[in-house]
Number of protein chains: 2
Amino acid sequence: VVVSFSYSAIPIDEARNELLNREKMVRLGEHLVLRKEEEQVNGNLMTLKKAEITKAMKTQEFPPSMHFFHAKKLIEKSDVFHILKKMPKGAALHLHDFGILDGDWLVKNVTYRQHCYICFNPSGTLQFRFAHSTPSNNKQDNSSKWILLENYRRELQNVTEFDNSLLKTFTLVTENPEVTYADQHDIWAKFDTIFHTVSGLVHYAPVFRDYIFRSLEEFFLDNVMYLELRAMLLPVYELNGETHDKEWSVRTYKEVAELFAKDHPEFIGLKLIYSDNRSKDVSLIKESIQTAMALHTSFPKTVAGFDLVGREDTGHTLYDYREALLIPTMEGVKLPYFLHAGETDWQGTSIDNNLLDALILNSTRIGHGFALSKHPAVMEDLRKRDIPIEVCPISNQVLKLVTDLRNHPAVAFMAIGYPMVISSDDPGFFGAKGLTHDFYEAFMGIGGMNADLRTLKQLAINSFKYSSLSSSEKKTALQTWEKEWDTFIDNLVKK
Amino acid sequence: VVVSFSYSAIPIDEARNELLNREKMVRLGEHLVLRKEEEQVNGNLMTLKKAEITKAMKTQEFPPSMHFFHAKKLIEKSDVFHILKKMPKGAALHLHDFGILDGDWLVKNVTYRQHCYICFNPSGTLQFRFAHSTPSNNKQDNSSKWILLENYRRELQNVTEFDNSLLKTFTLVTENPEVTYADQHDIWAKFDTIFHTVSGLVHYAPVFRDYIFRSLEEFFLDNVMYLELRAMLLPVYELNGETHDKEWSVRTYKEVAELFAKDHPEFIGLKLIYSDNRSKDVSLIKESIQTAMALHTSFPKTVAGFDLVGREDTGHTLYDYREALLIPTMEGVKLPYFLHAGETDWQGTSIDNNLLDALILNSTRIGHGFALSKHPAVMEDLRKRDIPIEVCPISNQVLKLVTDLRNHPAVAFMAIGYPMVISSDDPGFFGAKGLTHDFYEAFMGIGGMNADLRTLKQLAINSFKYSSLSSSEKKTALQTWEKEWDTFIDNLVKK
Ligand SMILES: [Zn+2]
Ligand SMILES: [Zn+2]
């Protein structure tokens with residue numbers, strides 16, 4: 001028998017190398033050429049990474065395949081994590097205004113401030129409000145009265161216990177997430193409750209300012225130099241009950257960022273993506289679009305565009321909102337969109353089709369795009385137009401879209417060099433800090449044994465490339481980042 | 001500001017339809033044209049499917065996203081499941097010799113046969129042996145003696161309890177799989193133990209014959225007409241200790257299949273893929289390749305080729321075996337391969353690279369190919385050569401490669417019409433029967449709301465197209481299947 005196999009004519013090693021090279025060539029960041037020192041650092045990094053993965057294959061304890069609430073401690077012991085922490089990661093492009101800081105600061109600092117009132121709702125949820133005198137009752141008749149927290153604490157036998165219980169209302173973190181949150185309904189209910197609870201604290205003007213400042217600080221300490229925040233711009237209030245409008249909030253974000261930049265010259269800045277909730281009726285979203293256009297016009301350097309936030313599975317689809325979302329086009333105004341789309345496991349549903357509409361509506365980036373692998377045409381067009389997905393591994397895991405991050409759809413996207421950035425969504429709610437935990441999951445779990453320093457460098461570069469910075473701002477930002485990157489490399493080489 | 005968005009020139013609905021159509025066109029089975037009656041059945045099927053998914057979105061109880069051991073009862077209540085059960089599903093191309101039947105028959109029938117001896121090993125594992133007189137002890141000194149099961153049962157107070165405990169040793173099924181099997185090491189250990197325990201029963205010549213017959217029956221009742229079995233062809237023994245060689249086993253498979261076909265004219269047949277275990281040294285695999293070539297020559301219509309089985313993560317890689325696997329090419333003999341490859345979550349490891357070697361070694365099909373989405377070059381070449389992956393959803397879930405089947409990599413493959421077949425691997429160990437449970441998972445979980453009767457029909461057609469049947473056998477098989485298919489459609493239309 002004469003055999004005519006296509007591969008049998010060449011030796012197996014040659015065929016393998018050809019395949020390995022073809023796959024290498026298309027991987028995210030593969031085209032980057034590393035300088036000698038970078039190669040050296042890469043060598044060390046990959047040795048650590050391989051050791052960690054090889055050990056995990058034996059022990060079967062691999063952080064990216066565990067729930068983050070269990071994995072966190074393991075991750076923070078990892079040598080790879082410590083390198084990632086020091087690495088200048090560029091920008092965080094997918095964050096929500098008040099999901100950034102962990103609850104600790106809110107409990108120990110904010111709730112200990114003067115004039116802080118607390119209200120225990122019969123449903124078990126909490127509300128806070130700062131005021132000169134006791135606020136009037138909530139509209140719901142059966143909600144309990146407002147109590148001055150200072151007085152309440154004074155009468156407690158065990159304040160630590162109370163503070164710990166407060167902390168639990170500010171975060172999703174629990175010892176047994178599998179038990180606490182049986183399904184997505186459970187975790188999203190808690191998620192919404194946290195936003196509600198935290199709201200009265202963070203919208204008090206002095207806390208509002210401090211929250212922004214501390215957020216910048218936390219990310220800066222995590223070697224992130226630039227942030228784009230999805231911000232709801234809800235009314236901020238003063239002690240006397242006076243409230244501020246959205247313009248005031250935008251100005252405050254701007255001022256605080258400038259203040260922070262003064263003492264941190266490597267800090268590049270902050271932009272806002274004005275966001276409304278997809279639970280609202282289209283008529284209200286129409287108003288929000290008008291507001292977004294106005295804000296974008298008034299603050300062209302601070303308000304980058306518009307997004308819709310909240311749970312996709314139960315919210316309105318982008319198609320439901322088409323009349324609202326087409327207003328800028330109709331009016332010939334350019335309002336960039338940064339739409340959450342495809343944050344769902346329900347393939348083929350109207351929700352899943354948000355990805356189509358995000359593309360059609362010319363979204364500048366796609367928030368999550370978790371469902372994108374199910375949409376080959378959308379994928380193709382997005383890639384042609386170089387529209388990136390914002391991958392938030394820990395968020396997707398905690399919100400129960402995927403269990404083992406090695407099965408995250410971004411795995412296949414990273415393998416073909418699909419445009420993406422890594423972000424952390426609401427790290428404060430997840431018990432994460434800055435971007436490093438998510439970078440660890442992406443580098444170890446999503447990238448597998450193949451992702452190396454090139455992948456990481458590309459992710460950092462992408463975070464500027466796909467940001468809303470103007471081209472001159474991008475240039476400056478990249479220069480600043482490159483300096484930091486070189487220092488990072490040099491420090492590691494010296495070791 | 002003049003806006004030049006690429007999509008804004010055309011109405012949103014037009015753009016959407018264009019995208020929806022493009023995605024529809026490439027989906028698995030989309031090019032099939034249904035006749036009027038099929039369209040009608042499709043309509044009804046999709047109504048049931050949509051109702052089931054819509055309900056699951058509310059209740060958050062969706063079988064494909066639950067562990068199969070929990071989901072099974074729900075699945076069997078599903079209307080969609082009952083239609084799938086009746087549907088002529090074609091062929092089962094990825095099955096292992098003694099993983100087909102559930103343990104019930106082994107306990108209630110086989111272990112009650114005369115001359116059955118049992119041995120309780122100190123490690124807690126069981127062994128069985130049929131013999132005229134008590135078998136001599138195992139080689140390990142500390143294993144307990146062989147006891148005639150008939151006598152043993154006679155002295156038991158509670159035989160039902162004992163039989164239930166036996167049943168548990170024949171299956172992976174437990175009430176709390178998440179607790180029982182903490183990781184892949186645990187589940188594979190149990191998996192190997194089952195094979196070991198069952199071995200003494202199924203290799204007793206009369207049981208061997210009955211096992212084959214019942215397997216054909218079970219699949220036939222599940223409307224599967226043709227099987228390709230990965231078979232180890234281990235020695236089969238008689239009561240007097242006499243053993244039979246591989247040729248005898250192949251002949252027996254052939255004879256039993258012919259016997260079964262006599263009474264079931266729509267039954268198409270059975271082929272074997274001789275398989276050895278990837279834990280063995282290359283020298284032994286070289287011998288197995290020689291054996292495979294000999295068997296393929298002696299039984300060209302029954303022995304279709306060769307495969308390597310057992311856990312990939314801990315076994316030898318295909319590359320380790322390259323000298324053995326290249327023997328047929330070197331000798332100019334054609335031995336088709338049906339290689340398991342990519343049944344791993346460990347991206348970028350030498351195990352993960354089995355996919356490269358399966359391609360290079362011209363595997364006729366790929367067993368699982370779970371890791372394929374991480375290998376764009378392999379994917380491209382396999383597709384060019386029309387090499388399908390054998391997707392076994394329940395197996396992948398039970399063996400802990402993926403939790404929620406909506407995150408199975410085949411989701412993206414189905415969306416681009418990648419060549420695939422659905423199979424059940426070792427349904428007996430998983431508590432599944434035939435192919436229907438796996439078809440349910442594939443149709444509901446992997447296909448999402450988009451997969452319809454076309455997808456199912458294509459999967460059935462694929463099962464013949466990618467089988468080892470000769471082209472004339474395929475033609476006959478497809479004709480027989482089409483008749484069954486039309487009856488299936490007509491019965492549903494009448495309702
Ligand atoms: Zn988000
Ligand atoms: Zn298998």
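This is a predicted model: local features need pLDDT of at least 70, side-chain atom pairs count only at pLDDT 80 or more; totals for chains, interfaces and linings use all residues.
Biologist: OK, metals. What holds the zinc ion (ligand 1)?

Modeller: A:His94, A:His96 and A:His340, each through NE2, plus A:Asp425 through OD, at 2.1 to 2.3 Å. A donor here is an N, O or S atom within 2.8 Å of the metal (3.2 Å for Na, K and Ca), and water is not among the atoms, so sites may look incomplete.

Biologist: And what's the geometry at ligand 1?

Modeller: Irregular, with angles of 82 to 170 degrees among the four donor atoms. Four donors count as tetrahedral if all angles lie between 85 and 135 degrees; four count as square planar and six as octahedral if opposite donors are over 155 degrees apart and all others between 65 and 115; anything else is irregular. For reference, ideal angles are 109.5 degrees for four tetrahedral donors.

Biologist: How are the donors of ligand 1 spaced along the chain?

Modeller: As H-x1-H-x243-H-x84-D. A:His96 sits in strand 1 (residues 90-96) and A:His340 in strand 10 (residues 337-341) of chain A, so this pair ties together parts 244 residues apart in sequence. Helices (H or I, at least four residues) and strands (E, at least two) are DSSP runs, numbered from the N terminus.

Biologist: Are A:His96 and A:His340 buried or exposed?

Modeller: Both A:His96 and A:His340 are buried. Buried is under 20% relative accessible area, exposed is over 50%, and partly exposed is in between (1.4 Å probe, protein chains only).

Biologist: What about the zinc ion in ligand 2, which residues coordinate that?

Modeller: B:His94, B:His96 and B:His340 by NE2 and B:Asp425 by OD, at 2.1 to 2.3 Å. The ligand 2 site is irregular, with angles of 83 to 171 degrees, and its donors are spaced H-x1-H-x243-H-x84-D. B:His96 and B:His340 are both buried.

Biologist: What does B:Asp426 touch beyond its sequence neighbours?

Modeller: Leaving aside neighbours within four places in sequence, B:Asp426 contacts B:His96, B:Gly99, B:Phe191 and B:Phe195, where contact means heavy atoms within 4.5 Å. B:Asp426 is in the loop between strand 13 (420-422) and helix 19 (427-430) of chain B, and at 1% relative accessibility it counts as buried.

Biologist: Which residues are closest to the centre of the largest pocket?

Modeller: Of the 46 lining residues, A:Glu178, A:Thr403, B:Glu178, B:Lys400 and B:Thr403. The lining divides into 19 nonpolar, 14 polar and 13 charged residues. Ala, Val, Leu, Ile, Met, Phe, Trp, Tyr, Cys and Pro count as nonpolar, Asp, Glu, Lys and Arg as charged, and the others, Gly among them, as polar.

Biologist: What's the backbone like at B:Lys400?

Modeller: B:Lys400 has a positive phi of about 65 degrees although it is not a glycine. Most residues other than glycine have a negative phi. B:Lys400 lies in the loop between helix 17 (393-398) and helix 18 (410-415) of chain B, and counts as partly exposed at 29% relative accessibility.

Biologist: And the second largest pocket, which residues lie nearest its centre?

Modeller: B:Asp192, B:Phe195, B:His196, B:Ser199 and B:Leu234, out of 47 lining residues. The volume of the second largest pocket is about 1100 Å³, and helix 9 of chain B gives the largest share of its lining, ten residues.

Definitions and conventions
Residues are numbered from 1 along each chain as its sequence is written. Chains are lettered from A and ligands numbered from 1 in the order in which they are written. Side-chain values use heavy atoms; hydrogens and water are left out. On a 1 Å grid over the protein atoms alone, a cavity is a set of points where a 1.4 Å probe fits but cannot get out, and a pocket is an open set with protein on both sides within 12 Å along at least five of seven lines; lining residues have an atom within 4 Å of a point. Grid points are joined across faces, edges and corners, and a volume is the space filled by probe spheres set on the points.
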